[in-house]
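Welcome! Take a moment to look over the model, and then let us walk through it together.

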Amino acid sequence: MHDWNVLLVDDEEEFVTTLAERLRLRGIAARMSTDGGEALRMMEVDPPQVVVLDVLMPGLSGLEVLKRIKADYPGVKVILLTGQGSTWDGIQGMRMGVFDYLMKPLNIDELIEKIREAVSSGVEK
Amino acid sequence: MSIKNWFKKVNLLHMPEEGAVHDRYSVLRRNMIILMILVTLIPLLLMAVVNYHQYRTALKGEIVNPLRILVNKTKHSFELFLAERLSAVSFIASAYSFDELADENTLNRIFRVMRREFRGFVDLGLIDSKGIQLSYVGPYDLKGKDYAEQSWFHEVQVRGGYISDVFMGYRKFPHIVIAVQHRTETGRTWILRATVDTEKFDDLIESMGLDASSDAFLLNKNGVFQTPSKFYGGVLEQFPLSLPPVSYDASVLEEHDSRGQDVFVSYAYFVHPAYILVVVKPKADVLKTWYTLKSELAILFIISAGIIILAVFKLTGALVGRIRESDEKREAVFREMQHTHKLSSIGRLAAGVAHEINNPMAIVNEKAGLMKDLIEYAADFPEKAKFLSLADAILQSVQRCRSITHRLLGFARRMEVQIEVLDVNDILQETLTFLQKEALYRNLDLRLNMAEDLPRITSDRGQLQQVFLNILNNAFAAVEDGGMVGIATWEKDPDTIAVAISDDGTGMSEETQKHIFEPFFTTKGGKGTGLGLPITYGIVKKLGGEIEVHSKEGKGTTMTVYLPKRPKESAGG
């Protein structure tokens, strides 16, 4: 079991619940949220080490949430998920200080590797 | 209809939209030729016609006026000749008494003086009021001859003085009679009559100095020749043409004579006697200069028209060629714009589709992944291997979809340009590293012919890599194992470098070559997305370059990419 504190944020409930379960099967306790605002409120209670954040969400967008996280929780690492297959969102995110970005559909091992790197990195990228 | 409306109606510069391209330009060319020939030849023709008439009038004046002057002058000579002789006879009739004149010795003396002083007198006689010739001097024996019944006798009694028409009379040669009636204070009348031969008439006509083809003669008021004509008849014969209208000043007519010739007839009527002096000149001789000038004018017109027509043909050929070239360029640009627009529209559509598919695919991916996880983690799952294989198949299909949607999105976004100065040879080498294993495995013959001094260019590394990778992938796919793939680079011109990637593979048909840059066109069946070359094309255009394809079925393909050394103004927009 890992003691990593991971928060998954994606408006696709089916996706995020399944992903959380798969991570849990691999010993990663992942919380989840389908709404940006809710995710920020969850962070107020218990800031995670790593946030896996979808870019395109209704309401508060992934990049908006990212801005708030970077402002309020500079130590939290954010891995951006993009469904656009485009590097553009990734590059935007990188400029805004995300740890890394991944494109959907995900490779679970790749995601775990990124989480591992994020947790173990001492400093924010 | 105004000229403007006419042009609008005729619309010679209109090019039909319908019909084959060749026909449309032929029609335009034909119309332009007609228009230009009309515009240039009509003024030329008008000028030629005006010149023709001006020259003709001027020349006619030059020809006709001297003729008129000559006729007037000669007429005056005739009149003077006759007037002198009439005066002489009149003077003698006044100066001498009847008795003196009745005396043949005196008459003879007077006659001798007259002949000495005035040429042409043949005889002289005194005739009494009854018409009997009382005295006579001359070559004939005419004393006692009775003239009472002759018309001239009556006329001289009425007029007092008389000059006859030419007649043969008793003398059997052409002559005229000049007679003067004298009336004494006592009322006695008698007539002094002289005969004059008409040789002098011939001399006067001779002195006109006419050329051989011209003719001059005297007619009386009935059209009877008073002097012989060269062409129309002898003395006392009838003039074959109609008499000209009365004019005492010299006039000129244009006639068609009895010999079938067009002639100028110059004439003048005498006041007394009623003679008509006529000069006939053939037009052909008179207008020889004019005919020469007319021929020269015609030749000049034909040559000018020929030059104009030739120039018009050449000019319109060149002009229509330019228009056609310009139209073709415009159409090419338009086609390119359409192609770009098509790519861009398809790109936007593709981005939307890809995004919408990606999210459900992500769910499928996770669900199948979880399913696989659960099966793997379960200790005793029935038919575990089979279910794992099924889950893997789902995951593989998802991966396949992922690669398709990623390429679609890559095509859509065209990626952002990150400009830097770079060495294209290096980029090609880097790109080749992705493919070197495959080349080794398939025993491909990689032939590199890269210019060592290839200038560095300002462009985007990532996009160039994608371009070269796409083309190299196609080349690798086209060749058999052991086949050849070549890469060459060179400086095309001071602004451009070229990269050619060639293979000796299957090559492409002309039909295939037409479509290779169209999205979703593929020759690889299910293996290809049909987006590789459209993406490549889009990137190259975005970087301000060009891409050329030369291919022959069974021989291979060469794709040449031309890249600007510096980004063009429009590139990267």
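Predicted model: local features only at pLDDT ≥ 70, side-chain atom pairs only at ≥ 80, totals over all residues.

You can find Gly160(B) in the loop that links helix 5 (151–159) to strand 3 (161–163) of chain B. Another residue to look for from there is His182(B): 22 residues separate the two along the chain, while their C-alpha atoms are 7.4 Å apart.

**The two chains**

Chain A has 125 residues, of which 43% are buried. Its secondary structure consists of five helices and five strands, and from the N terminus on these follow the order β-α-β-α-β-α-β-α-β-α. Among the contacts of chain A with a separation of 6 or more, 59% join residues 24 or more positions apart.

Chain B has 573 residues, and 28% of them are buried. It contains 13 helices and 16 strands. For its contacts with a separation of 6 or more, the share between residues 24 or more positions apart is 60%.

**Helices and their faces in chain B**

Let us begin with helix 4, residues 104–117 of chain B. This helix has 14 residues and reaches 19 Å from its first C-alpha to its last, close to the 20 Å expected at 1.5 Å a residue. Which of its residues are buried? They are Leu107(B), Ile110(B), Phe111(B) and Met114(B). Viewed down the axis of helix 4 of chain B, the buried residues fall within an arc of 105 degrees, so they line one face of the helix. On the other side of helix 4 of chain B you will see Asn105(B), Val113(B) and Arg116(B), which are exposed.

Helix 6 of chain B, residues 199–206, has Phe201(B), Leu204(B) and Ile205(B) as buried residues. Looking down the axis of helix 6 of chain B, you would find its buried residues within an arc of 100 degrees, so they too line one face of the helix.

Helix 11 of chain B covers residues 461–478, and its 18 residues should span 26 Å at 1.5 Å a residue; the end C-alpha atoms are 26 Å apart, which agrees. Buried residues in helix 11 of chain B include Leu464(B), Val467(B), Phe468(B), Ile471(B) and Leu472(B). Gln463(B), Asn470(B) and Asn474(B) are also among the buried residues of this helix.

**A helix pair in chain A**

Now turn to helix 2 (residues 36–45) and helix 3 (residues 62–72) of chain A. Their axes come within 10 Å and cross at roughly 20 degrees. Angles under 35 degrees count as roughly parallel, and helix 2 and helix 3 of chain A are therefore roughly parallel to each other. The crossing of helix 2 and helix 3 of chain A is right-handed. Where they meet, Gly36(A), Ala39(A) and Leu40(A) are on the side of helix 2 of chain A, and Glu64(A), Val65(A) and Arg68(A) are on the side of helix 3 of chain A.

Asn5(A) sits in the segment before strand 1 (6–9) of chain A. With 17 other C-beta atoms within 10 Å, Asn5(A) is partly exposed. Leaving out residues up to four places away in sequence, Asn5(A) touches Pro48(A) and Gln49(A). Its C-alpha atom is separated by 6.4 Å from that of Ala29(A), which is 24 residues away along the chain.

**Backbone details worth a look**

Most residues other than glycine have a negative phi, and most peptide bonds are trans. The table lists some backbone angles to look up in this model.

| Site | Feature | Angle |
|---|---|---|
| Lys104(A) to Pro105(A) | cis peptide bond | omega about -15 degrees |
| His272(B) to Pro273(B) | cis peptide bond | omega near 0 degrees |
| Leu236(B) | positive phi | phi near 75 degrees |
| Asn443(B) | positive phi | phi near 60 degrees |

Where are these sites? Pro105(A) is in the loop between strand 5 (100–103) and helix 5 (108–120) of chain A. Pro273(B) is in the loop between strand 8 (262–269) and strand 9 (275–282) of chain B. Leu236(B) belongs to the loop between strand 6 (215–220) and strand 7 (251–256) of chain B, and with 15 C-beta neighbours inside 10 Å it counts as partly exposed. Asn443(B) lies in the loop between helix 10 (424–441) and strand 11 (445–450) of chain B; Asn443(B) is exposed, with 9 other C-beta atoms within 10 Å.

Notes: Residues numbered from 1 in each chain as written. Chains lettered and ligands numbered in written order. Buried ≥ 20, exposed ≤ 12 C-beta atoms within 10 Å, placed from the backbone. Helix = DSSP H or I, 4+ residues; strand = E, 2+ residues; numbered from the N terminus. Arc of directions from axis to C-beta. Expected span 1.5 Å × (residues − 1). Axes fitted to C-alpha atoms, helices over the stretch in contact; angles between N-to-C directions. Parallel < 35°, antiparallel > 145°, perpendicular 65-115°, else oblique. Left-handed = near helix turned anticlockwise from the far one by under 90°. Contact = placed C-beta atoms within 7 Å.
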